[in-house]
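This report describes the open spaces in one protein model and the residues around them. Look through the structure first, then read on.

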Amino acid sequence: MMEPLSSDPMEGQRSLKDRLAAACSFTALRTCFPILTWLPRYNLTWLKMDVLAGLTVGLTVVPQGLAYAEVAGLPVQYGLYSAFMGGFVYCVFGTSKDVTLGPTAIMSLLCSFYIGGDPVYAVLLTLLCGIIQTAMAFLRLGFLLDFISYPVIKGFTCAAAVTIGFGQVKNILGLKGVPQQFILQVYYTFHRIPEARVGDVILGVSCLFFLIMMTMMKSTLRSLEDNPSSLVQAARGIVWSFATIRNALVVIAATCVAYSTEVMDYHIFTLTGKTAKGLPPFSPPLFSETTANGTHVSFNEILLDLGGGLAVIPLMGVLESIAIAKAFGSQNNYRINANQEFFAIGLTNILGSFVSAYPVTGSFGRTAVNSQTGVCTPAGGILTGLVVLLSLAFLMPLFSYIPKASLAAVIICAVAPTFDFRVVRQIWRVRKMDILPFLVTFLVSFWEVQYGILGGVAVSGLMLLYVVSRPKLKISDHGVVVVELASGLHFPAIEHLSEVLRTHALHVSPPRSAVLDCHHVSGIDYTVVNELKDLLKQFKLHDVSLVFTGLKLSVLEVLLAAELPGFIHKDSMEAGLQTLSNSPHSD
């Protein structure tokens with residue numbers, strides 16, 4: 001399933017028994033079940049580090065899961081429903097020791113555009129995303145991600161950071177009834193500032209201040225002197241530990257404050273409110289629903305409502321996760337299997353839909369925590385999953401006292417690093433034209449995120465097509481016209497090449513012979529051959545010659561099979577120039 005395609009010429013001659021034996025070999029099993037590559041070597045040292053990392057990530061994902069459910073427009077418990085399945089599935093099928101799967105800010109934002117705050121839509125979307133991602137793994141469709149360029153990705157993530165971050169300002173201010181659409185959200189948030197609740201503002205700003213302070217303290221640890229004393233080292237460890245679980249500390253402290261005020265019958269803060277108790281039931285997602293007013297919504301109607309989300313969310317899910325896995329694989333000197341990552345994410349979403357999860361992907365922030373804590377294998381995800389399950393089993397009644405302002409502070413600090421406008425300067429330095437897809441994606445995403453991504457991909461595609469259709473040509477004069485192709489030759493480019501040859505060789509007086517250097521051309525198609533046939537006829541009518549040089553064997557075989565009239569080819573440019581210099585019609 002996950003094995004690379006075989007290139008063995010004897011493959012077709014193998015018996016069915018031999019093929020089954022190869023498919024069931026230990027190497028094949030290790031490819032399908034990556035856990036078999038590290039489990040036989042598992043030891044006590046790895047266990048200690050995995051337990052530490054798993055618990056640390058667990059304390060990070062619980063408050064983030066609650067917060068991201070708010071972004072998705074769902075009750076907070078759905079964030080935790082989505083946070084535990086990935087740890088168990090990825091432990092068996094994942095190929096990165098660092099990646100943690102679960103709810104993320106960007107995936108939550110994307111879901112919010114399509115599910116309309118309806119848990120039935122969210123859970124069914126999870127199942128469909130998982131099926132699509134798993135099918136992509138089986139069909140090896142990972143190449144589709146190659147058409148989403150880096151400027152498009154950065155444009156989307158920057159726009160998502162602004163949208164998510166500003167979307168939480170209303171919770172910091174304690175405002176209700178603010179529209180979800182970004183432009184309207186900006187207008188009504190500023191318009192209704194006089195209605196802000198003082199308690200929410202004070203708590204939200206205090207949480208933001210604490211989170212920023214802890215983040216800055218953690219970042220300064222890297223710049224301190226090496227070889228510190230044991231006391232300094234212990235102090236660093238304490239600061240690092242508190243900074244790593246800062247989200248949990250903020251939520252716990254804010255919940256305690258809110259609970260105290262509620263007990264004294266002072267309703268100062270806007271709370272998350274009633275939450276479902278206990279673990280989610282293990283059951284298949286609903287394929288239809290009946291709304292509160294008695295309207296029946298069929299499966300086909302749900303599919304129509306989800307619309308473009310069935311393409312955008314699966315693609316962005318695997319794109320985000322694989323990009324994270326590759327980054328940490330490069331940092332920690334191991335390689336991932338992208339196709340297997342597709343499968344792991346897809347299976348996580350399929351199984352997650354049976355426990356009421358909404359779509360998940362890899363989390364950069366939690367993966368960084370996992371790596372920095374020293375995780376050794378994906379087994380750390382099991383501990384993370386257990387922390388989430390214990391929280392669901394025993395702490396859900398307390399979650400109803402969590403102030404929304406504290407969750408908003410967690411979200412704002414989580415997405416702030418993804419707004420990196422320094423990338424604009426970097427893109428400008430490397431290639432100024434790449435600013436265009438970045439800006440299209442960034443600006444249009446504020447209207448509709450799927451149109452922002454599609455617009456950026458379309459602009460990138462048009463730029464790519466322009467490069468293919470207008471290859472760089474080096475034109476020189478050696479007594480005859482010499483045209484050197486600086487890149488390949490495909491059918492969109494043949495008209496441009498033909499026009500250049502006509503302009504410089506045939507539409508001059510007198511007409512001139514030409515040499516076409518093709519040593520960069522690795523393949524041609526029928527359209528190119530057909531245009532070259534017409535071009536050779538035109539050269540013959542003008543009583544001059546066109547000589548091809550540097551042809552690769554595969555290209556030469558195609559041109560010879562086409563039986564082009566007056567076709568002349570030489571191994572090198574020098575040989576082509578020599579041939580024309582001996583011709584009476586060279587100029």
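## What counts as a lining

A pocket is an open set of grid points with protein on both sides within 12 Å along at least five of seven lines, and its lining residues have an atom within 4 Å of a point. The model examined here is predicted.

## The largest pocket

The volume of the largest pocket is about 1,400 Å³. Its lining is made of 45 residues, and those closest to the centre are F364, G365, A414, P417 and T418.

Several helices take part. At least two lining residues come from each of α4 (44–72), α7 (105–115), α9 (150–167), α12 (198–220), α14 (246–263), α16 (309–331), α18 (364–372) and α21 (404–415). The largest share belongs to α9, with 8 residues. Sorted by class, this lining holds 27 nonpolar, 12 polar and 6 charged residues.

## The second largest pocket

Two or more lining residues are given by each of α4, α7, α9, α10 (169–173) and α11 (182–191).

Which element gives the largest share of this second lining? That share, 6 residues, comes from α9. By class, the lining of the second largest pocket has 14 nonpolar, 15 polar and 5 charged residues.

## Elements at both pockets

Technical notes: Residues numbered from 1 in each chain as written. Predicted model: local features only at pLDDT ≥ 70, side-chain atom pairs only at ≥ 80, totals over all residues. Heavy atoms only, no water. 1 Å grid on protein atoms, 1.4 Å probe; cavity = no way out; pocket = protein on both sides within 12 Å on 5 of 7 lines; lining within 4 Å. Points joined across faces, edges and corners; volume = space filled by probe spheres on them. Helix = DSSP H or I, 4+ residues; strand = E, 2+ residues; numbered from the N terminus. Nonpolar A, V, L, I, M, F, W, Y, C, P; charged D, E, K, R; others polar.
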